[in-house]
Amino acid sequence: MTANELNAFEDEINAFVGREVCPPTPAKDDVNTAMIRQWTEIIGDTNPAYTNEAWAAKSTRGKSIAPPAMMYVWGQEGFAVTTGRPADAQADLVSLFNKHGYTGVLGTNVKQEYFKEVSPNDNVVMEMVIDNISERKTTGRGPGYFFETLSTFTNQHGEKIGTQRFKVLKFIPQEQPAAPAAEDTLQVPTRIASPRGHDNKWWWDACDAGKVLIQRCKSCQTLRHPPRPMCGECQSMEWDSIESTLDGEVLSHTELHHPKIPGYQYPLVCAVIRLGEGTNIVSNVVGCDPSAVHIGMQVKGKVEQVDEKTMLPQFYPASSGIRS
Amino acid sequence: MVANVKDKAVIVGIGNTKFSKESGVSELSLAVQAVKAAIDDAGLKPSDIDGMATFTMDTNDEIEVARALGVGELTFYGRSHYGGGAATSCLHQATMAVATGMAETVVVYRALNGRSGHRFSGGVAGDITTADAIHWGWYMPYGLLTPASWVAMFTERWMHNTGVTKDALFEVAHSTRVYGANNPAAFFYGRSFDRAEYDAARTIASPLQLFDCCQESDGGSAVIVTTPERARDLKQPGVSVRGVAQCAADNQEQMTSFYREEFAGIPEMERAAENVYAMSGLTVDDIDAAVIYDAFSPIVLWQLEAWGFCGNGESGDFVLDGALRTDGRLPTNTHGGQLSEAYIHGVNGIVEATRLVRGTSVNQPAKDVNHALVTSGVGIPTGGAILGKMN
Ligand SMILES: [Zn+2]
């Protein structure tokens, strides 16, 4: 469609704004208790003001009322609608959209306002106009226009009981992106692993094999953790390691609440633990309620597989008698 | 040895962008807006700038900022490392450059989309094998990977050692937000806040709850530093750097110095304070107001002790006496701090400390502010500065 054709089309649809879809038309049936009962049963509304005549008679209204949301129900065509609708402005507008490729239709919202109640034996009169048409919009469904009808409802005395706005999107249907192909296997997130480089790979490799090692200076025997390439005491770069017995004491702890990181199981407690060998390590305290973890708590560690890919030392209350 | 920089560098311009949760612009745009605001405040032209100092974490290259602003030639550019520990380190760099003549007029800047872009609360991760990544690797697999969780670990032990309670944390959180509620530039502007809301908020990492934690913000801040000679000709009253220091202490890690004999302390800030006092010839009694880095409420308490406003373990009582409030001993974080103005990595704090000495804070204390303290983030290599009226 060229810009000129688009302008001409928009002029044509905009000419519908303000046009009458139906003149004031009394409902074929008056408001009645049978229809109210069926409607409230389907909706599941048990308000006695609608359906309990005895209760309603004693209420401040002195009689039962129709649910206000039924306002649009009273003027609906019955079975006759299956033999076709009479032409009206809305039907003409819809076929104009269809003719230009805007064949998609989506009711987007309904807004009702209520001014006055009606009761059995009242009659509801409805009239409808095309109230507004939007500019051309790009929507997730495709390019299109929103148009809105405005229905006004009155009772048999000409008193306004409510209005209803009904908004419809007419659009050129677009190919929707295909849903992503289902994964063959469900990926379960795992804990974030430490990167492994020259200075720490040996430690994590030992952990994978079930051991927690502590780096030791070959020259002055000083233990150090985390591992570093040089001894801070004597500057020697020669080192070996010892295996920790994983007996420890909690120096501090925190329970992580927010944000919850995928791959971690909560509740999750982290702690700084002083190992019996004298170095500190950060790890998790497990095997007890988070509120039971305290500074000074004696713990015993054990290298465990915590998820599909991760081996880590985990510390339990020493009192639990666990062995590493 | 005491560094010889007292009053050799003067803050003559300050600038902030609008602070928000969604700037809708690039970090470079925020940086140049902040720098331009500071240049305008000083009454300078972009071409007067010949030096720049920012954070290693800042994404805005000096040369990009210079080209965008039309600064022209730069003869000094230096970056400071360690996140919020770099705040006054940038001022330290600028001061050294100006004092030595490496540059005449240096702008310190920091700009980030800290909420709509990379969020610190997202934590650390990554598999590039740098020393830094290996460092975080000792914590990530256990789930200890956010700034709040690291600070929580220190806080739990420090509260255990000192007996300081959540009452003191609340007082920091509350006094700061009272200031923020009165600052139109602050995220917390116009908000009310009370103990019930503090207590009811979710726990982030025990013992820290939501209101113990700072904002995540989009924004930029900048300050201009020049020589006293140049400062005398400019439109704002000069705010002189009396002393500035940085320090990384023994056995320092970045946020995780858990391997010290006693790790519930900030020896790096104690040492920086000692140096600032020595080079300025001032004592704690000379400091009238402060902007103390407040990524989390407890870290304000530790710094009060490190700078000697009270003894070790006494900061709880100090703040519960109302010391941080506008009529207290040390009105602190009068802009609302990073807890409630914005988190611009402490550079908005240098802006506010300058205002306190100028007498133009939105929450200016009634008393004369001859000297204001401003500090960097702790738990990392850190530092601070004392600012005073130019003689
Ligand atoms: Zn050695």
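Reply: Start in chain B, with helix α6 (residues 166-181) and helix α10 (residues 297-306). In this predicted model, the axes of these two helices come within 8 Å and cross at roughly 100°. An angle from 65 to 115 degrees counts as roughly perpendicular, so α6(B) is roughly perpendicular to α10(B). Which residues make the contact? From α6(B) come B:Ala168, B:Leu169, B:Val172 and B:Ala173. From α10(B) come B:Ser297, B:Pro298, B:Val300 and B:Leu301. Seven are nonpolar, one is polar and none is charged.

Now turn to the aromatic rings of chain B. B:Trp302 belongs to an aromatic cluster. Helix α10 of chain B spans residues 297-306. Look at B:Phe263 again. The charged end of B:Arg157 sits over its ring, 5.6 Å from the centre. B:Arg177 lies over the face of B:Phe188, at 5.4 Å from the ring centre.

Widen the view to both chains.

One pair is A:Phe97 with A:Tyr145. Their centres are 5.8 Å apart, with 35° between the planes, and the pair is tilted. A:Phe97 lies in helix α5 (residues 89-99) of chain A, while A:Tyr145 lies in strand β5 (residues 142-154) of chain A. The pair therefore ties together parts that are 48 residues apart in sequence. Both A:Phe97 and A:Tyr145 are buried.

The other pair is A:Trp204 with B:Trp138. This one is stacked, at 5.6 Å centre to centre and 20° between the planes. A:Trp204 sits in helix α6 (residues 201-208) of chain A. B:Trp138 sits in the loop between α4 (131-137) and α5 (147-162) of chain B, so the pair joins two chains. A:Trp204 and B:Trp138 are both buried.

Next, a charged residue. Is B:Glu352 buried or exposed? Buried means under 20% relative accessible area. B:Glu352 has 0% relative accessibility, so it counts as buried. Its place is in helix α13 (residues 347-358) of chain B. Which residues does B:Glu352 touch, beyond those up to four places away in sequence? They are B:Val291, B:Thr334, B:His335 and B:Ser361. B:Asn333 is 19 residues away along the chain, and its C-alpha atom is 7.9 Å from that of B:Glu352.

A:Ala66 is found in the loop between α4 (53-58) and α5. Its relative accessibility is 3%, so A:Ala66 counts as buried. Leaving aside neighbours within four places in sequence, A:Ala66 is in contact with A:Val31, A:Ile36, A:Tyr50, A:Trp74, A:Val118 and A:Ser119. From A:Ala66 to A:Thr51 is 15 residues in sequence and 8.6 Å in space, C-alpha to C-alpha.

Finish with the backbone. Where are the cis peptide bonds described here? One runs from A:His225 to A:Pro226, with omega near -5°. A:Pro226 is in the loop between β8 (223-224) and β9 (239-243) of chain A. Another runs from A:Tyr266 to A:Pro267, with omega near 5°. A:Pro267 is in the loop between β10 (247-256) and β11 (268-275) of chain A.

Check phi as well. A:Gln221 is not a glycine, but its phi is positive, near 70°. A:Gln221 lies in the loop between β7 (213-217) and β8 of chain A. It is partly exposed, with a relative accessible area of 44%. B:Tyr82 is not a glycine either, and its positive phi is about 80°. B:Tyr82 lies in the loop between β3 (76-80) and α3 (87-100) of chain B. At 31% relative accessibility, B:Tyr82 counts as partly exposed.

Technical notes
Residues are numbered from 1 along each chain as its sequence is written. Chains are lettered from A and ligands numbered from 1 in the order in which they are written. This is a predicted model: local features need pLDDT of at least 70, side-chain atom pairs count only at pLDDT 80 or more; totals for chains, interfaces and linings use all residues. Side-chain values use heavy atoms; hydrogens and water are left out. Axes are lines fitted to C-alpha atoms, for helices over the stretch in contact, and angles run from 0 to 180 degrees between N-to-C directions. Helices (H or I, at least four residues) and strands (E, at least two) are DSSP runs, numbered from the N terminus. Angles under 35 degrees count as roughly parallel, over 145 as roughly antiparallel, 65 to 115 as roughly perpendicular and the rest as oblique. Contact means heavy atoms within 4.5 Å. Ala, Val, Leu, Ile, Met, Phe, Trp, Tyr, Cys and Pro count as nonpolar, Asp, Glu, Lys and Arg as charged, and the others, Gly among them, as polar. Rings of Phe, Tyr and Trp (its six-membered ring) pair if their centres lie within 6.5 Å; planes under 30 degrees apart count as stacked, over 60 as edge-to-face and the rest as tilted. Buried means under 20% relative accessible area, exposed over 50%, partly exposed in between (1.4 Å probe, protein chains only). A charge sits over a ring if NZ of Lys or CZ of Arg is within 6 Å of the ring centre and within 35 degrees of the ring normal.
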